[in-house]
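Trainee: I am new to this structure. Please take a close look at one part of it and walk me through what is there.

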Amino acid sequence: MFISENLGVNHLGNLTICGADVVDLAKKYGTPLYVLDENLIIKNCNRFNDAIDKYYNGHGLVCYASKAFSCREIYRLIKGQDMGVDAVSLGEMYTALSVGFPAKKMHLHGNNKTIEELKFALENNIGRIVVDNFCELKDLNRLAGQMNLCAKIILRVKPGIDAHTHEFIKTGQIDSKFGFAIETGEAMEALKLALKLENIRLKGAHCHIGSQIFDSRPFALAAQVMAKYSKDVKDKTGIEFDELNLGGGFGVKYTQKDDPLECEEYVKAICLSLAQKCREYGLKLPFLIIEPGRSLIASAGITLYTVGNIKTIPNVRKYVAVDGGMTDNPRYALYKSEYEVIVANKANLEKSEVVTIAGKCCESGDLIGENIALQVAQPGDILAVCATGAYNYSMASNYNRNLKPAVVMVKDAKSRVIVQRETLEDLIRNDL
Ligand SMILES: *Cc1c(COP(=O)(O)O)cnc(C)c1O
């Protein structure tokens, strides 16, 4: 009935997440409020870990793409699952290390890493640096030389797959700001340079074909392309990759229209294709890294708001305004992302209206969604927007000097704050 498996309705007709009454959560912690379900995050981690065990004999590592949701408690949780972490900035590395996340299980991504970020990664022994471009490769070699060490890297390559077209075939998609193109020979050139540089140790290659992909076949195709690239590398240089990182992008369910596969199906497609091609090419099986972000955490989260005013424009639309908006969830403004919304204190009632949900920011485009089916809402009702665990909190801003909401974690129906609500003092802390 609900979009995520952890949602339900209790005897009061209120929405529950992981067994906790969300109307109670809103009362206790205030709104807007991000709520995460720890049990479901762990369940999702297990799904990926188990799939790597089952289809690849455990010869791999699931790394959480932490840009989806980053805070100290999440890194603690991921650490507890024996997983790795993908970081894309100084801030993400710093936050993970601050809770003792093992540096060797982290890797640093980014298409334009700063010198400061590269230095920080080297100083802190971040497991891998995923090198994006020639400039970075040379900078890294120089920095590592100055520090008298060897940078362990993998190369980010573009496998030339556009997973978002209906055909998702090889399109020669070389217009991306990320990585080296395979088909132009750029990736081979980068590899040869990496092998020459004294303070660089090349371990393998990385690709990431996109996000919110519902089909397993583009992932299988990417695995095949990467195996072929590995073979070409071996033929031309004699070098065999130790590892391949095949990225994330596994689709999740935001609305009833979305029909993602089980995590296991994506992993299975990747592992079987990779193993088959490696056998065919006579390559040893590389250590396999995958980087799920949203598929670990999106469905585990909801955002709670209090309904403010309701504005009916005859023959046009009805606006239901909430006490948050693009500051806590910019995804509608960015990509017209759709969500399922529920009046949490009327979750047992039918959705008999179609409304537009507006935020409180001074932008007409500040909407949570347009033409959303909803129970009849009144001022003071609690609205729950579902599957907001990924790319909401991590994309939040202080636009209009709104305060970032608190984040509450629910485990076995018990709640605790994991990120405090911002205060007015926080807001002016850095102002002079
Ligand atoms: C964003 C990203 C991911 C995670 O993508 P999801 O869609 O959240 O799974 C993984 N790897 C890289 C390199 C990324 O940029």
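**The second largest cavity**

Mentor: The lining of the second largest cavity divides into 7 nonpolar residues, no polar and no charged ones. Nonpolar here covers Ala, Val, Leu, Ile, Met, Phe, Trp, Tyr, Cys and Pro; Asp, Glu, Lys and Arg are charged, and the others, Gly among them, are polar. This is a predicted model, where local features need pLDDT of at least 70, side-chain atom pairs count only at 80 or more, and totals for chains, interfaces and linings use all residues. Residues are numbered from 1 along each chain as its sequence is written, and side-chain values use heavy atoms, without hydrogens or water.

Now the lining itself. C207 and I209 belong to it. So do F219, A222 and A223. L246 and I270 complete the list. Helix α8, residues 217-237, gives the most to this lining, with 3 residues. (A helix is a DSSP run of H or I, at least four residues, numbered from the N terminus.)

The space inside is about 40 Å³. A cavity is a set of points, on a 1 Å grid over the protein atoms alone, where a 1.4 Å probe fits but cannot get out; lining residues have an atom within 4 Å of a point. Points join across faces, edges and corners, and volume is the space filled by probe spheres set on them.

The whole structure holds 2 cavities of 30 Å³ or more.

Conventions
On a 1 Å grid over the protein atoms alone, a cavity is a set of points where a 1.4 Å probe fits but cannot get out, and a pocket is an open set with protein on both sides within 12 Å along at least five of seven lines; lining residues have an atom within 4 Å of a point. Helices (H or I, at least four residues) and strands (E, at least two) are DSSP runs, numbered from the N terminus.
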